Amino acid sequence: MRLASWLLLLLTALLASGCDSSGSGGFFTTFQNYQEIGDLPALREHGIVRLLAPRFDEESGLTRNGIPTTEYQRLAEQFAGSLGLEARWVYASDYAQLQDLLLDGKGDIIVTNYSMTDARRDKMGFSAPVNTIEERLVVAPSLAGKSLSEMGALTLSVPAGTAYLETARKLVRRHDNLTLEVLHDSISDEELVEAVASGELAATIVDGNMLDAMLMNRDDVAAGPVVNRKRRIAWAVRPDSKELLEQINQFIIREQVHASQPKAALRDWKAIKQSGVLRVITSNNPASYFIWRGELMGFDYDLIKDFAKQQGLRLSMVVRDSPSAMFAALSAGDGDVIAASMTDTPERRKRGWNFTDRYLEINEQLIGSADKEPITDPAWLAGRAVVVNPETAYMDTLNELQDNDDIDVDIEPREGASTESLIDAVADGEFELTLADSHLAAMESTYRDDIKVLYTFPQTKNIAWGLRADQTELKKRLNAYIHRQYRGLFYNVTYNRYFKEKKTIAAHESYRVAPGKAISPFDDMVKREALKYGLDWRLVTAQMYQESRFNPNAHSFAGAQGLLQVMPRTAREFGYSNLKKPEQGIAAGLAYFNWLEERFPPRIDLADKLYFTLAAYNAGHGHVEDARRLAQKLGKDPDRWFGEVEQAMLLLSKPQYARQARYGYVRGSEPVQYVRKIKNRYLAYVSALDGAPGITE
């Protein structure tokens, strides 16, 4: 009894003090709310992002199209973490109060089943959609199967402040037989359905994706026609929160594109060949894998791509940021092979890591600032500090100096640091010494004069590709490739391009995409326009490179112009007349992209809708719809691009299929490759700029 009384007093105190309960995983803490109407920089000052949701937006509530509210909450908390901010939940008494709390500065993002309506868009900024639903009429069983015009005089009763009210007003304007009744804004969907069933209301509107569950095993109420096919569910922010909205869009699109990737599988050669894809785990660095002027490059990438080409395979690149993370991904079946300039060491083999034969032989080298003199004896290192990432093979080398050679070197571990960043730190005087593989040191030395190789350790080390022990057939194939190519013409040309040719290496460094560096000369313009349509600007930039290689004067044989290669007539329809001006070329391209996106059914997931839109941008909407119809005939999913509709698109170049298509022949390989290249480039941009794991194919 005492405990119950104490809990009641605590709850009363919380409510009386105006504190909001917040936290996750079932834990609650007191949170004293405050007023803040600033953008992301202001949120960073607080260290908090306040997430708004209706009180009792609980797990047990009906889901929309399979997405429960808890999933929205998980994503929102994950987003807060990606910004380095703490998520705090602020609860409204009902949906109508959400907007007031947001605009009054008592919350920062509305995160729930929140529909994007015209009235709301006039007052708030909305993100890329996290879901798309349809709205349906709810009527008495006697009206089931009838169109709106056949139902006779009918009153639509909907709650105030809801998306249903906007839909109902449009219906009433278009149909003379309909009238509108506005109800109190606290009425739930379940209560609306019950009121129609009891005869209290003649008709109402409810989310179609929720209606099936509510009408299950009922014969006293029926679903009427669909009255809105494209109601978008999105996160909302204050209209001036441009930076916050940009980060939300990037996060939502990145997460949905990543979620559309193939699932994990432990595979050897037979399964790899059957799939047609080799999944390569790598690290984003200037030796192994990076993006340069929109192109995927790297020594490991070029070699493994050549192997895949010879075997008739496509590549899917899986980016991880450390050796342990790469081997964890391999063990989990997220990839098939590690190609990341990794040293084959006895210590790694003891941990169960497996390797191919070596494809590169290197020596480890001691790196210091340019004003230091080279040394001839590693004993010089006694008492000196050397900074290394403890996960690298360099740590083993320094430990051997201590244990075997009795040299008391001072090892300074730096978790997660790349060799490149530690070389930068040595050059800046932050650290005195570090280690690097000879090919990496040679690459760095070609375009900088502020570092020097002070000592080369005599023992050679093998660089190899990583595998699981059970991948015997894949290992055999990779070893056969290595033995054919090692020190051959292709190998030598590739090696020289990345590690010896000064001009090429300097160009790679200048234009390599990395945090803090621009992708294109037009990044700011793209960000502004992408924000209008809820797109990740990096996806737009990936498409822009594919279309024009960032050349605003680009002109195709068909007459398309500008950075996004829009036909002049199409541009004029959207109000743009000079596509060679970067601002107009970008704006026209995005207006056309948005128009195409709206042509596809709202039920399609965001990632797949983006793929369909890209395909339509390249080949035309009609051809993509032909491919979707053909996919359905072939027993494939018409709402999925990769492995489904893309396969049907390829068939439309064959006469027997093209003759039956509404829009006829299309060179299907072009949109298939177009979508794949843009997706790959986009995920490479995300990985390079965010430093986050990514997958490209």
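At what angle do the axes of helix α16 (residues 438-447) and helix α18 (residues 489-499) cross? In this predicted model, local features need pLDDT of at least 70 and side-chain atom pairs count only at pLDDT 80 or more, whereas totals for chains, interfaces and linings use all residues. Residues are numbered from 1 along each chain as its sequence is written, and side-chain values use heavy atoms, with hydrogens and water left out.

The axes of α16 and α18 cross at roughly 55 degrees and come within 8 Å, the axes being lines fitted to C-alpha atoms, for helices over the stretch in contact, with angles that run from 0 to 180 degrees between N-to-C directions. The two helices are therefore oblique to each other, given that angles under 35 degrees count as roughly parallel, over 145 as roughly antiparallel, 65 to 115 as roughly perpendicular and the rest as oblique. His-439, Ala-442, Met-443 and Thr-446 of α16 meet Tyr-495, Tyr-498 and Phe-499 of α18, a contact meaning heavy atoms within 4.5 Å. Of these residues, five are nonpolar, two polar and none charged (Ala, Val, Leu, Ile, Met, Phe, Trp, Tyr, Cys and Pro count as nonpolar, Asp, Glu, Lys and Arg as charged, and the others, Gly among them, as polar).

The protein as a whole comprises 28 helices and 24 strands, which are DSSP runs numbered from the N terminus (helices H or I, at least four residues; strands E, at least two). Its radius of gyration, 30 Å, is close to the 26 Å that the globule rule gives for 697 residues, so the protein is as compact as a globular protein of that length; the radius is taken over C-alpha atoms, and the rule is 2.2 Å times the number of residues to the power 0.38. Among contacts with a separation of 6 or more, 72% join residues 24 or more positions apart.

Of the 697 residues, 55% count as buried, that is, under 20% relative accessible area, with exposed meaning over 50% and partly exposed in between (1.4 Å probe, protein chains only). In helix α26 (residues 641-651), the buried residues are Trp-641, Val-645, Glu-646, Ala-648, Met-649 and Leu-651, and the buried residues of this helix pack against α24 (606-619), α25 (621-633), α27 (655-658) and α28 (669-690).

Arg-512, in the loop between α19 (502-511) and α20 (523-532), is likewise buried, with a relative accessible area of 9%. Not counting residues up to four places away in sequence, Arg-512 touches Pro-286, Phe-290, Ile-291, Trp-292, Glu-420 and Lys-517.
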